Amino acid sequence: SERTEAAAQEAVERERAAERERACGQARGQLVALESGQRVARFNEQGEREFLTDEQRTEEIERTRRFITDNCQ
């Protein structure tokens, strides 16, 4: 029973690590796009495409950097 619990816990930890790695990869890719200067768009609640302003881009860069610092090795 202890082995089963340990194996289950290990599987959960591996899954969390894999998910964190995927999220970190996405965040790094997003940061590259944001810092490249290319226009970045999002879809609003109505499904319309909106481009980020310079201020929004700066905020998104800071948020993404914080995420990477806090969650990625």
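This is a predicted model: local features need pLDDT of at least 70, side-chain atom pairs count only at pLDDT 80 or more; totals for chains, interfaces and linings use all residues.
The mean pLDDT of the protein is 92, and 100% of its residues reach 70 or more. Among the elements, the lowest mean pLDDT, 90, belongs to strand E1 (residues 41–43), whereas the highest, 95, belongs to helix H2 (residues 54–71).

Side chains of opposite charge can pair when their charged atoms come close. Six salt bridges are found in a search of the whole structure. One of them lies within helix H1 (residues 2–35), where Arg16 and Glu13 stand three residues apart, about one turn of the helix, and where the closest N and O atoms of the two residues are 3.1 Å apart. Both partners are partly exposed, Arg16 with a relative accessible area of 49% and Glu13 with one of 37%.

A salt bridge also joins Glu35 to Arg65, with the closest N and O atoms 2.4 Å apart. This pair links distant parts of the chain, since Glu35 belongs to helix H1 and Arg65 to helix H2, 30 residues apart. Glu35, with a relative accessible area of 42%, is partly exposed, and Arg65 likewise counts as partly exposed at 44%.

Within helix H2, Glu60 and Arg63 are three residues apart and therefore separated by about one helical turn. Their side chains meet in a salt bridge with an N to O distance of 2.5 Å. Glu60 counts as buried, its relative accessibility being 8%, whereas Arg63, at 40%, counts as partly exposed. Through salt bridges that share partners, Arg42, Glu60 and Arg63 are joined into one network.

When neighbours within four places in sequence are left aside, the contacts of Arg57 are with Ala33, Leu34, Gly37, Gln38, Arg39, Val40 and Leu52. Of these residues, Arg39 places its charged end over the ring of Phe51, 3.7 Å from the centre of that ring. Aromatic pairs, by contrast, number zero in a search of the whole structure.

Glu50 is located in strand E2 (residues 49–51) and is partly exposed, with a relative accessible area of 44%. Residues up to four places away in sequence not being counted, Glu50 touches Val40, Ala41, Arg42 and Asn44. The C-alpha atom of Glu50 is separated by 38 Å from that of Glu13, 37 residues apart along the chain.

Terms used: Residues are numbered from 1 along each chain as its sequence is written. Side-chain values use heavy atoms; hydrogens and water are left out. Rings of Phe, Tyr and Trp (its six-membered ring) pair if their centres lie within 6.5 Å; planes under 30 degrees apart count as stacked, over 60 as edge-to-face and the rest as tilted. A charge sits over a ring if NZ of Lys or CZ of Arg is within 6 Å of the ring centre and within 35 degrees of the ring normal. pLDDT is the predictor's confidence in each residue, from 0 to 100. Helices (H or I, at least four residues) and strands (E, at least two) are DSSP runs, numbered from the N terminus. Contact means heavy atoms within 4.5 Å. Buried means under 20% relative accessible area, exposed over 50%, partly exposed in between (1.4 Å probe, protein chains only). A salt bridge is a side-chain nitrogen of Lys or Arg within 4 Å of a carboxyl oxygen of Asp or Glu.
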